[in-house]
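Let's take a walk through this protein together, starting with its overall layout and ending with a pair of individual residues. Keep the structure open beside the text as you read.

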Amino acid sequence: MARRILVVPLNPGAGVTSACLGLVHALEGRHLSVGFAKPFGEVRGAVEDSSTSLFRLATSLRPPQPIDAADLENRLALGRLPGVMTNAVELISELDDDHQILVLEGMVPSREQFYASRINVELARSLDTEVVLVGTVEDHDVTRFAELAATVAQVYQVHGRSRVVGVVANRVPEEVDHAELVDALGAHDLSCAAIVDDYDEFGRPRISDLVRDLGLEVFSGDLSRRVSSTVIAAQTVPGFLPYLTDGALVVAPGDRHDVLMAVALAEAAGIRLAGLLMTVGVRPDPQVMNLVGPALSGELPLLSTSEATFPTATRIVNMDHRIPADDEDRARRVMEIVAQNYDQAFLDGLPLRAQTTRTTPAQLKAFLRAQMSRGHIHLAVTDVTDHRLMRALYLLQRHDALRFTALVDRSVLDEQLALFGESRLPINVRVLDPAEGSATAAGLQKELASAGLHLPQDSPLLHALALIRDGEVDGLVGGLDETRSHFLDTVQAVIPLLDEAPVISAAQAVLLPDEVVFVADTLFTAHPDAASAAAIAVRTAETARMCGVSTHVAFIAPSSSSPTAEADRATIAAARAVLAEHRPDLVTCGPVSFHQATTGSVPGRGNPSVFVFPDVASAAATAKALDQGNGTQVYPPLLQGLSKAVNLLPKDADVGQIMDLIVATAVQAADLG
């Protein structure tokens, strides 16, 4: 996995793209494998993003096309920011695997995209990035610049630590003392990553850029010439002659023949002007044009506009100074100069920083989708007539790897479909009416009855378990119409336990704002003994691994007021001893408080990601409390220890939770084989 660096602006016109170009070029000069991506575009419906196009033009990189701004805004309006961030993770996933460092360009706030700063904060959190801030030093005030950087850095925090690894001061005026700027940032514990002076050549557009942006008419000339200054020929010729220098664009009414002749003579004398822009829609007299023609030699750009002189000059001055997507020369020059200005110590330190072991909520969801798509999984589902489950099946039909068998009475299903405004279930769902019966289901019914578990012959759960026994499906999701205890008892009676750590338990993924952790056991064992606690830890660690989460187990200390506190601590010590002997690869700690475990203050290899509680009541209460917290989501329980993927739908689950549980069950089924 690459080290991800998000480059974000401090103020308007910060030059984020140029900072990214320079950073990538500087790191490549150190023979590091560097990638680039811009997760979100800034122009609605744009065929090509300008930053992405510039990188393709000026480097050998081929970044993916960003998520369209229109798509982003539509989903923000619907409150679907988490889904957008999952898409951002998926967008960069291939680059993340292929490079040592991945530079990401953040969004630039504007009148149309006032939400950009919020998106940048969510990007840093969802992609678990480090952050480089980029800004311009306005009014030559380095103290104010440093305070601005320190203020913005406050929103980029994780576990009380700053994500910001450096600040780029861009377009720094000549009068600013570099040492004073470094000291001002250092006073706020900020590292100066680069100081880029205000190079005049960075903002020199081509004549062709003016023609495109201002809609000018072209008479003749070399449109690749660049504009370094704009001269309004308001005076007579002697008054503006000193301004006829290389790169000057002269703006004057079309009937100022004296200006035309002066420009022609300057061009003949070897002054490489940018061009002559004739205003107010007046064309020069043909006789004058014939007279100056030989001096112009066809290379000096002659342009025309119907607008007046001063409004035209104002539009030129206020042009967007970002590098056009087709200006390779300017892009390469900016890239090389900015790269040279990055601090060597800053560049040297980037590959050496310790990698985080966190998995963010967006990364979890992207990982589960990717794992689910790798193979074809067939799940049995009961309770299909529940409108939430039916809605979930329609939303999941876009995933080709998923197939379902719905155990449902056909006549009841038809009634529900009519209420839902549909004529049939999605094409990847086949319907099996339990009333039709099967030999396996009949045998299973007798087997369960002998164990004191009685299911009717047309029970959807009975037939779903029969399909698992026959090998027709890979797993089961259901139980909305069953009591929890009856569902779990029935499943345990039919599905064998795994050989390793043969204890059934339940783990819940807790999606905290910055990372994902797992809590166990939330359903089964009231007070596990040492062997059971070790088995629960093993199974939960395997569930975490299955979901792409690192496996560091923390045994949570019992409450000091608990009457079993002393015994629970002894159980934890014994469980850790069992794991040390039989699973030395598994990193454990404890007993520790839940606060210690979730704030990164536990010594060891990375932050704990698996929390095993001393009793089921504490685990379940913690999961429920976290689910009610701001910015936290808790997945429904995943059953562990069974040899097949079977999971119980909570009766209060919403459509999103049902979809999450189905996807997790599919991944679990693929993992169990």
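This is a predicted model, and its chain is divided into four parts: domain 1 covers 3-203 + 327-353, domain 2 covers 207-318, domain 3 covers 360-496 + 649-672, and domain 4 covers 499-641. Taken over C-alpha atoms, the centres of domain 2 and domain 4 are separated by 75 Å.

**The annotated stretch**

Along residues 209-318 the model is 38% helix and 20% strand.

**The parallel sheet**

Next, have a look at an open sheet built from six strands, with parallel pairing. Reading across it, the order is β2-β3-β1-β4-β7-β8. Which strands stand at the edges? They are β2 (34-37) and β8 (192-197); each has a single partner strand, so one side of each is left without a neighbour in the sheet. From one strand to the next, the twist averages 20 degrees.

Within the sheet, you can follow the pairing of β4 (residues 130-136) with β7 (residues 164-172), which runs in the parallel sense over six bridges. To find one of the bridge partners, pick Val131 and look across to Val164 in β7.

Now for some side chains. Leu393 is found in helix α16 (residues 387-396), while Ala441 belongs to helix α18 (residues 439-450). Are they buried or exposed? Leu393 has 0% relative accessibility and therefore counts as buried. Ala441, at 2% relative accessibility, counts as buried too, because the cut-off for that label is under 20%.

| Residue | Relative accessibility | Contacts |
|---|---|---|
| Leu393 | 0% | Val384, Phe404, Pro426 and Val429 |
| Ala441 | 2% | Leu462, His463 and Ala466 |

Leu393 and Leu425 are 32 residues apart in sequence, and their C-alpha atoms are 8.1 Å apart in space. For Ala441 and Ala544, the sequence separation is 103 residues and the C-alpha atoms are separated by 34 Å.

Notes: Residues are numbered from 1 along each chain as its sequence is written. This is a predicted model: local features need pLDDT of at least 70, side-chain atom pairs count only at pLDDT 80 or more; totals for chains, interfaces and linings use all residues. Side-chain values use heavy atoms; hydrogens and water are left out. Two strands pair if DSSP finds at least two bridges between them. Helices (H or I, at least four residues) and strands (E, at least two) are DSSP runs, numbered from the N terminus. Axes are lines fitted to C-alpha atoms, for helices over the stretch in contact, and angles run from 0 to 180 degrees between N-to-C directions. Buried means under 20% relative accessible area, exposed over 50%, partly exposed in between (1.4 Å probe, protein chains only). Contact means heavy atoms within 4.5 Å. Domain bounds come from an automatic or database domain assignment. Lists of a residue's contacts leave out its neighbours within four places in sequence.
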